[in-house]
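Here are a few exercises to work through with the model open beside you. Try each task before you read its solution.

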Amino acid sequence: MTYAQPKNLDEALGLLAEESWSILAGGTDFYPSVLERPMPSRVMDIHALEELRPISVEDSHVRIGAGATWSDLIDAQLPPAFDALKLAAAEVGSVQIQNRATVVGNLCNASPAADGVPPLLILDAAVELVSHAGIRTLPLQEFTLGNRRTARASNEMVSGLLVPQQSVQGQSTFLKLGARKYLVISISMVAGRMVIDHKGVIEDVALSVGSCSLVAQRLTDLEAALTGQVASKDLGSLVSTRHLESLAPIDDVRSTIAYRMDASLELIRRCVNTLGSTPA
Ligand SMILES: Cc1cc2nc3c(=O)[nH]c(=O)nc-3n(C[C@H](O)[C@H](O)[C@H](O)COP(=O)(O)OP(=O)(O)OC[C@H]3O[C@@H](n4cnc5c(N)ncnc54)[C@H](O)[C@@H]3O)c2cc1C
């Protein structure tokens, strides 16, 4: 096995331009995966690239660098629209995992149960990909193609996530259901963000569900149905199974399809009740 630890981004991109490398960040998905298949022949460890670490609030967007860990995110000063992502962060594994694992690694691993995806979908996050040829950004929905599949080309790496300032509005929350409270893979998880105007009317709402389809989904029909409604702690009564039709959960060791659907319906109702009763 060839191991490289580039000292800066330029060096990393130079290596990626020459050959295909498996990228290693915090390693919390990478190492468990090599129990199931052989170690890749070329591993590039980007953990020491400090230039990728910052989380920064800029004029047009909030940037989460590819090196930012879940703990960095929890510690960052960010508006309430990021509360859902912070709540998810606090439920990723344990504190030891949060200290090591990166938010971007969670997306690049492309597990249907990745807790970071629903909270980033409600923020309309885009993925920034960089190569020697330049930079491109893709909406998160277009980056994740399926189970363990992303749109990243072999000469690219993800340098960060960009959340547009127009989506950094309103309150947000995240609810996760697992077979136990901590250190558990989600059976279902729901993220929501709501903007309520001064008259108490819902101006904008974003909702997403993970672990119930190959790729986490935004619930656009439900979002449309809730927009313009008067916010209240009973908003959940407007949510029906019809709004979950885009979900396609599977039966597995963690849950049956029917339980995943029931649980998701309940989580979505609780999510919108919470957001509907949160002061603007
Ligand atoms: C005990 C334990 C508990 C866990 N609990 C949870 C949980 O509750 N919820 C949850 O969602 N996850 C959980 N995880 C999974 C894991 O911690 C997260 O997915 C983590 O965020 C991955 O980040 P990482 O930096 O460790 O990625 P790595 O393992 O280093 O990499 C993961 C994948 O992303 C790729 N990658 C990483 N960075 C880049 C980049 N910049 N550009 C391109 N590709 C890149 C790698 O090549 C690899 O394919 C758990 C893991 C463990 C071991």
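**Exercise 1: a charged network**

Arg193 is buried, with a relative accessible area of 3%; buried means under 20%, exposed over 50% and partly exposed in between, with a 1.4 Å probe and protein chains only. Before we go on, note that this is a predicted model, in which local features need pLDDT of at least 70, side-chain atom pairs count only at pLDDT 80 or more, and totals for chains, interfaces and linings use all residues. Residues are numbered from 1 along each chain as its sequence is written, and side-chain values use heavy atoms, with hydrogens and water left out.

Task: find which residue forms a salt bridge with Arg193, and which residues are linked with it in a network.

Solution, step by step:

1. Take the criterion: a side-chain nitrogen of Lys or Arg within 4 Å of a carboxyl oxygen of Asp or Glu.
2. The partner of Arg193 is Asp204, with the closest N and O atoms 4.0 Å apart.
3. Asp204 lies in strand 13 (residues 202–210) and Arg193 in strand 12 (residues 188–196), so the pair ties together parts that are 11 residues apart in sequence. Strands are DSSP runs of E with at least two residues, helices are runs of H or I with at least four, and both are numbered from the N terminus.
4. Asp204 is partly exposed, at 34% relative accessibility.
5. Salt bridges link Asp124, Arg193, Asp204, Arg218 and Glu223 in a network.

**Exercise 2: a serine in a strand**

Task: decide whether Ser159 is buried or exposed, and find which side chain its own side chain meets in a polar contact.

Solution, step by step:

1. Locate Ser159 in strand 10 (residues 157–164).
2. Its relative accessible area is 5%, so Ser159 is buried.
3. The side chain of Ser159 makes a polar contact with that of Glu128 at 2.6 Å. Such a contact is a pair of N or O atoms within 3.5 Å; within protein, one must be able to donate a hydrogen and the other to accept it, and residues adjacent in sequence count only if both atoms are side-chain atoms.
4. Leaving aside residues up to four places away in sequence, Ser159 touches residues including Leu52, Arg63 and Val130, where contact means heavy atoms within 4.5 Å.
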